[in-house]
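Here is a friendly walk through one protein model, with an eye on its aromatic rings and one of its strands. Have the sequence and the 3D view open as you read.

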Amino acid sequence: MSEFTRREFLLAGAAAALLGGSSSAQSPLRTPRPGREVEVTLVGRAPDLGEETVSFGVPLPPGFLSDEARLRVFDAAGAEITATTRALEPWRLGGREGSIRSVLIQFRSDFRTERTKRVRVLFGQRRQRRGGALVPVAETLIDRDGLKGPRVLALLPAAWLCDSWVVGPQTPAAESGEFAAYERFVERNFPGSLKYLDSRVFSEWLYDRPTNYYKMYARTGEAKFLEAGYRAAHFMRLNTEMEGPDAGIFKLKGPDLKYVYPRAMHLHYLLTGDERALEAGRLMARYCLKHTDPVYRPASLTPSALGTDPEKNRSFWSPRHQGYGLLGVLHGWELTGERVYWQKARECVDAYYRHQLQPPDGHPPDGSLRQDWSLYDPNEASYKGATSPWMMALLLDPLFQFWTMTGDRRVPEMVVRWCDFLDRRGMVPDGSKAYYVIDCFAPAGAPGGELGPDMEMHNPEIAYTFAMGIFFAGDASRRAVYRRRFDRLFPLAVALDVNRPARAFSWTFQFSSQLVYFMRNRGGHRA
């Protein structure tokens, strides 16, 4: 018997109608309140350093600063530096504009005798020494293409970056506590990832390699991660189609939504102010907007032929496609402020909520967003009711982002229902991994799904999923169930070598660092 009654479905539908897809102009999370100043470390990198234009973005938490003129920059001796600033983007929570999200700062400094310097940025005081016109960011780089990074690298502290929410709510690596094994996991796998920074093999860029590095930087403040992010982001920008009907696609792959990452360009823009990233990110977001249909309509789909790419030149629906579509749409809203993106994001969440509570196949709901897998990829499975745990993790990531922007209470409900299903139907008997494809209609005693070739490599995403469930679960008994799952998976996850295959690095780290945040704040935001 289904755990969801008709009455519950009708009540949930009424709640959704009242919410209208968005419940608040404020994030449901407590807004961080960092100190009124931040120390920035400047590292000269160019071989011919001289009088340099220092240029960097400082991301800010919501409600922190409304006037970019109310900041001052001081050198190590306490003297104010003549500086020029520009607000890069407003916060756009709850479908409306707010305070400054990131501010670009530029000033001149002599690096001929000192390659490393520290400056303080003080907020709340009107600047006394105002500079002239801004210099194009491209002119502050070692080479204009950006692959070698800036002539002077600006490093912000991890605590500031995490408080800014530039990569969403995060816990600094130094504060991981009992989850410090995750930080060792990052350090062990990072060096092996660098050999792919110049790769022209498209699959080695799958799952948003630049974002991985920027999240590592945000949680540590370390130069090695920022430098890798710079190179990866510019490689992606340089290989993005900027014109024509397919503008926004990754040229090494061709038209394929799961290779289109406006988030990467957005992060680069917030941290650097490079307008070229803004331009590329907006094109990517527009591509995502045009190619995202959140409603699963099985009657309109046909099976792909065995032995062929199930996504090439055909209509299909999958949680992975939906995850990257919604993610691109959300960053499109943040990058442009155009209402069409906000409306599409709400349509997506509406559709997923209905899908979970009233599956299109007409069978009772079970907590999954199931589909007929034979209409997607019969090479993997032909179950009439199926879903993918690792693909669902890709959808949970933007759903959580949407929740931070709206407080929409349907998101915690969806997460908890999914975690209940995953616990009940999605794990292999010994709990060491999830099924690659879950058979939602498997009878008692039958295998629960297809194992796939490498499902243990997705343990970080499954641990992340249960950590999000712990974050949202409203009762201690449910959190205890999820915690047992997490405790089984987490040690297995952080023991992995995720550079084989190369794309595993990105599917592992594109959002899994948030599991530390979830576990450090467990049960604080209940469904």
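The points below cover aromatic pairs, charges over rings, and a strand pairing. Please keep in mind that this is a predicted model.

**Aromatic pairs**
- The count of aromatic pairs in this model comes to 42.
- One of them joins Trp-403 and Phe-472, whose ring centres are 4.9 Å apart. With 85° between the planes, this pair is edge-to-face, because planes over 60 degrees apart are classed that way.
- Distant parts of the chain are linked by this pair: Trp-403 belongs to helix α10 (residues 389-406) and Phe-472 to helix α12 (residues 459-472), 69 residues apart.
- Are these two residues, Trp-403 and Phe-472, buried or exposed? Both Trp-403 and Phe-472 are buried.
- Trp-403 and Phe-472 also belong to one aromatic cluster, together with Phe-400, Tyr-464, Phe-471, Phe-511, Tyr-517 and Phe-518.

**Charges over rings**
- Which residue lies over the face of Trp-91? Look for Arg-101, at 4.1 Å from the ring centre.
- Over the ring of Phe-111 you will find the charged end of Lys-117, 4.7 Å from the centre of that ring.

**Strand β2 and its partner**
- Strand β2 spans residues 51-59 and is mostly covered, with eight of its nine residues buried.
- β2 runs antiparallel to strand β6 (residues 96-110), and nine bridges join the two.

Note on methods: Residues numbered from 1 in each chain as written. Predicted model: local features only at pLDDT ≥ 70, side-chain atom pairs only at ≥ 80, totals over all residues. Heavy atoms only, no water. Phe/Tyr/Trp six-rings, centres within 6.5 Å; stacked < 30°, edge-to-face > 60°. Helix = DSSP H or I, 4+ residues; strand = E, 2+ residues; numbered from the N terminus. Buried < 20%, exposed > 50% of the residue type's maximum accessible area, 1.4 Å probe, protein only. Lys NZ or Arg CZ within 6 Å of the ring centre and 35° of its normal. Pairing = 2+ DSSP bridges.
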